Amino acid sequence: MVRHNNQLPDNLPQLQNLIKRDPESYREEFLQQYQHFLSVLDIFRLEPDKENKSLCESIMFLAQVAQCYLEDMKTFPQTLVDLLKTHSTTLEPEMRNTFCRALILLRNKNLISPLDLLELFFQLLRCPDKALRTFLQNHIITDIKNMNAKQKDMKLNSTLQSFMYTMLRDTNPKAAKMSADIMIELYRKQVWNDAKTVNVIANIGCFSKVTKVMVASLKFFLGTDQQEDEDEEDSDREVDLKGIMMAAKINKKTKKRKNKVEAAKKLYANAQKKKKKAVAFNFSAIHLIHNPQGMAENLFKQLQDGNERFEVKLMHLDVISRLIGIHELFLFSFYPYITRFIQPHQRQVTRILQFAAQASHELIPPDIIEPIIKTLVNNFVTERNSSDVMAIGLNAVREVCVRCPLAMNEDLLRDLTMYKNYKEKSVMMAAKSLIMLYREQVPTLLAKKDRGRPTEASIEIKPKRYGEVLAVDHIPGTEALLREDAPELEEGESSSEDDSESGDWVDVESSEDETDMLLREEKKKKGITMIKSTKDQPKDEETDDSEDEDEGEWEECSDEEDEGEEEEIEDGSEKKVDPSEGKGKKKAKKAGKRPETSAEAVPGEGNAQTLNASEAMQELALTKIFTDADFARIEQERVKKQLTHHSRKRQAETERSEFVKLDSIEMIYKRRKADKEARVESMQKGREGREKFGYKDNRQNPHCSTTNREKKKNKIFSMVRHKARGKVKKSFRDKQLALRKHLIHMKKMK
């Protein structure tokens, strides 16, 4: 059968389709096109700066069908690579773009190695073609991400990272900036999130002579608010599904509205999935730096020697302060430098105060930090400044002292605490926050009246000396698990009642002790017996001889030790006590005669080993797997220690975080401006119990008729607008006529 209108040599898309279906049948047509490509290529090499559309069409055609004739197309990818390497800067932009697209097609068909292609694309970043550079950047990121999707190719990654190491040093600023952007984006996409990438950016990017590369690298270590931006975008995309569904029920049913509802349902489902998705916790890049001390010193030297804009200097200060704070470095010359900028009139002074607080940590000698605090107090916390400036200064002092509490001396602290009675609330609250901090850190520096009422937690506070580290051999708070009467916090129950009843023992009938016996057996299998709390009790009461054997001791049963047992029963095994029978059945022990922690063997237990409280807590940490209920009991015990007369105030944030939040320094307490509803409510409340203000109607019958003038006051303006307009627009002639008419009318009335 003869095909009519056969235009295959000229109709490349049709030939491409037929070749993909049956390569062998159209081999001759393919070879014809391949020879045509070679001849056009020879012509192009004579004038490479001119556009050749025929060559572009042939290249795209061959790239589409290359997988069908592997033997004939062996040299085709290398030919394109050589063309781009040789004529990358002289090629016409459209042709250069076509060559790159053809190479990407061949890469997707695995006809060219990824390493060769990526190295070529990195070199093409030097081209003065912004559209091409953006296209290549997106492809490089996507290709590397796809190659590491299933498992990371460490050999390829290492080779590419070494190549990037040289690209960051490139003399072409555009290529160096694009290389830095690619590495940063791959780190954020969790592809190259290793220490090698971070240290390449730290060692080369942060010290680049190209300002854009240096700024991008510094921003990378500062951790831009990418997550916050994503959250804002998600919040903007949130749809009111309920409102849309209600509108769809009421409005006219159309196909467009139906599609809108379906799209809203999909968006809502995706938002719900994103909310339920587990949060990925990643270390900040600043933790992966190998030589933070050297980097901080070099950055500080670059800051002093350089002459960059003020914003770039702030970035330097931010990175240096974070390095010092996180890695606990020693860079003593940094503090006198930043002290120069601590002035109320300084631009971005709150950020500078933030950097000063971030650069403070416990290992810095207090003598180094003390000048910063004194400068802060002298320049900010004075009555010649406004209340906002004073509050910001006190907040900054607090943030510095959270990280280095020993930098504050007693005289200065007592002067600052005097502002707790200041007339402005913002200053007063800032001073009180400083008092709350030192109540938990070093209460001895405060005046006695500022230390607050003593609690169990405050008695246990031991101020640390410079360089002292408190090492614990047990989990703090596990003493709550040692007692059988673990604390239970209930609303409406004062701590004084708890203190008076927590030490009492109650005897109940044997029928109610069955669950308690099961609990004891379980605990004995663990190898540790529980302590019954014995607090101050009256000595005149009788002691029960049968209970003396179990007095406040821990025992380790070595022959029945089993660490794999299930956790102890908690809520179901508590004793139930009838309050009517409690008075007659209380049996107290003499707490003063024998302490809880005395080492004493328990009779009847041959292989038992008695432990004191500290040893028991250590043993418990080694042998018991804590459940959520156990941690809840520990937290309840901690809260109970901090309570005084059941007045639980908001605790100060004394835990040291990695970064200082700017809000914690700029936080100023002010009375909020009332909205309209609050103002109206206040006005109505003030009018209660007084006579009505305004026009007083003295008529005896308030329901009688009124005059037209009074009715006019209650009419809406649109009803009387025409009359007002008429009066204003009367001309002199109209007034004459109206007056004449009125006079004639009055004459007739006589």
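Mentor: The secondary structure of the protein chain comes to 34 helices and two strands. Keep in mind that this is a predicted model.

Trainee: OK, and what share of the residues counts as buried?

Mentor: Of the 750 residues in the protein chain, 38% count as buried.

Trainee: Which residues touch the most other members in the largest nonpolar core?

Mentor: That core has 149 residues, and Phe122, Phe221, Phe334, Ile373 and Tyr438 touch the most other members. Helix α16, residues 310-327, gives the most to this core, with ten residues.

Trainee: And where does this core lie relative to domain 1 and domain 3?

Mentor: Between them, because domain 1 (1-112) and domain 3 (308-460) both give residues to this core.

Trainee: Back to Phe122, what does it touch?

Mentor: Leaving out residues up to four places away in sequence, Phe122 touches Ile140, Leu160, Phe163, Met164, Met167 and Ile182.

Trainee: Switching to the surface: which residues make the nonpolar patch?

Mentor: Phe330, Phe332, Leu363, Leu406 and Tyr466 make a nonpolar surface patch of about 430 Å².

Trainee: Where is Tyr466 in the chain? And why does Tyr466 count as partly exposed?

Mentor: Tyr466 is in the loop between α23 (456-460) and α24 (479-482). Its relative accessibility is 43%, so Tyr466 counts as partly exposed, since that class runs between 20% and 50%.

Key. Residues are numbered from 1 along each chain as its sequence is written. This is a predicted model: local features need pLDDT of at least 70, side-chain atom pairs count only at pLDDT 80 or more; totals for chains, interfaces and linings use all residues. Side-chain values use heavy atoms; hydrogens and water are left out. A nonpolar core is a set of buried Ala, Val, Leu, Ile, Met, Phe, Trp, Tyr and Cys residues joined through side-chain atoms within 4.5 Å. Buried means under 20% relative accessible area, exposed over 50%, partly exposed in between (1.4 Å probe, protein chains only). Helices (H or I, at least four residues) and strands (E, at least two) are DSSP runs, numbered from the N terminus. Domain bounds come from an automatic or database domain assignment. Contact means heavy atoms within 4.5 Å. Patches are made of residues with over 30% relative accessible area and no salt bridge: like charges are joined within 9 Å, nonpolar side chains (Val, Leu, Ile, Met, Phe, Trp, Tyr) within 5 Å. Accessible areas come from the Shrake-Rupley method with a 1.4 Å probe; for residues, only the protein chains shown count as cover. A salt bridge is a side-chain nitrogen of Lys or Arg within 4 Å of a carboxyl oxygen of Asp or Glu.
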